[in-house]
Amino acid sequence: MQVKAYAIQAEGQKLEPFTVERKEPGSEDVLIELMYCGICHSDLIIANNESGAAMYPVVPGHEMVGRVAEVGADVDLVKVGDLVGVGCIADSCRSCSPCEAGDEQYCESGFSLSFNAFDTSGEKTFGGYSSHYTVNQRYAVKIPDGMDPAAAAPLLCGGITVYTPLKRYGAGPGKKVGVLGLGGLGHLAIKISSAMGAHTVMLTSSPNKVADAQKLGADEVVLTSQEDDLKAHAGSFDMIINTISGEHDANSYLPLLARGGNMCFVGAPQTPLPIMISNLLMGDKLMSGSLIGGIPSTAEMLEFCAEHNITADIEMINMDEVNEAWDRIEKNDVKYRFVIDLASL
Ligand SMILES: [Zn+2]
Ligand SMILES: [Zn+2]
């Protein structure tokens, strides 16, 4: 079936209206009538070919929410009318040990990104800047009752990206968690870490972000531009979740970690970061990385967020405002996620 979408057709071009051929749902597939799609910075990196991996035409979008419109004969996890979300993972081998453990993002054959990739049947994936999406039922996660579907969309990538390491490394009562970077990921990290019960600290160089971070639930804000502030908090953090996706000097933050503390990277700077290794030796410190989260964890994260009344802070746009929104993302001018109202398509 032919459906409406927005695509970039060649490198250097803007997003423009495009028609996508969606496959009819197979026996285990669902066809979703999309309502909202969040705009993640990775959309820009991939579709503008900054990572060198664009396969044009590219329909971006991997934070989709919509209603199940059709199901295949063997679908038993969702039914027509259910509100569901699809994040980064649209397919995987389903039989390797990471897939069996529900860590599809580490599928040994490589998971299929929900856009600009190929699924396991060899078909190219086109993302959520579109009216409909067809996917195997395993990768469509139910949105809990009562959750605002538009503000839930960014949880499908942004939310799970920060939830996974916060949970894995034990954010909770008695722990001190630092959040570096106040954007789409950072604002959700503050909310989720606080809800887990950790003492949550925003680490920022800009005094004009202090009030925003407090409003989001940060217990404290450390101004990293102030030498005294850094000294006062040296050696005290159990974990720092580093959401910065641009070039930065991580060395200045490593002394903040307590002995055995962990700086976990969830953003993806496109250039190598120079690290002074003695910053790790002194105090037995760790650096780690974490990639989104698997499907069972995504469902768990959504339940956790519903229980704690957490969604993203969003600015809703119409489809024809998407190029302007992308320009604003490049300038960090959004609080904190754009979401496309796909009814405007
Ligand atoms: Zn994303
Ligand atoms: Zn697999």
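**Helix packing and a parallel sheet in a predicted model**

Mentor: In this predicted model, helix α4 (residues 158-168) packs with helix α5 (residues 184-196) at an angle of about 45 degrees, and their axes lie 9 Å apart.

Trainee: Why are α4 and α5 called oblique to each other?

Mentor: Angles under 35 degrees count as roughly parallel and those from 65 to 115 as roughly perpendicular; the angle here is about 45 degrees, and α4 and α5 are therefore oblique. Their crossing is right-handed.

Trainee: What makes the contact between α4 and α5, and how do its residues divide into nonpolar, polar and charged?

Mentor: From α4 the contact takes G158, G159, T161, V162, Y163 and L166, and from α5 it takes G184, L185, L188, A189, I192, S193 and M196. Eight of these residues are nonpolar and five are polar, with no charged residue, where Gly counts as polar.

Trainee: Why are β14 and β17 said to stand at the edges of the sheet?

Mentor: The open sheet has six strands in the order β14-β13-β12-β15-β16-β17, with parallel pairing. β14 (220-223) and β17 (286-289) each have a single partner strand, so one side of each is left without a neighbour in the sheet.

Trainee: How do you know that β12 pairs with β13?

Mentor: Pairing requires at least two bridges, and five bridges join β12 (residues 176-180) to β13 (residues 199-204), so the two strands count as paired, and they run parallel. L180 stands opposite L203 in β13.

Trainee: Which strands does α5 touch, and what angle does its direction make with that of β12?

Mentor: Packing on the sheet, α5 touches β12, β13 and β15 (237-242), and its direction makes about 170 degrees with that of β12.

Key:
Residues numbered from 1 in each chain as written. Chains lettered and ligands numbered in written order. Predicted model: local features only at pLDDT ≥ 70, side-chain atom pairs only at ≥ 80, totals over all residues. Axes fitted to C-alpha atoms, helices over the stretch in contact; angles between N-to-C directions. Helix = DSSP H or I, 4+ residues; strand = E, 2+ residues; numbered from the N terminus. Parallel < 35°, antiparallel > 145°, perpendicular 65-115°, else oblique. Left-handed = near helix turned anticlockwise from the far one by under 90°. Contact = placed C-beta atoms within 7 Å.
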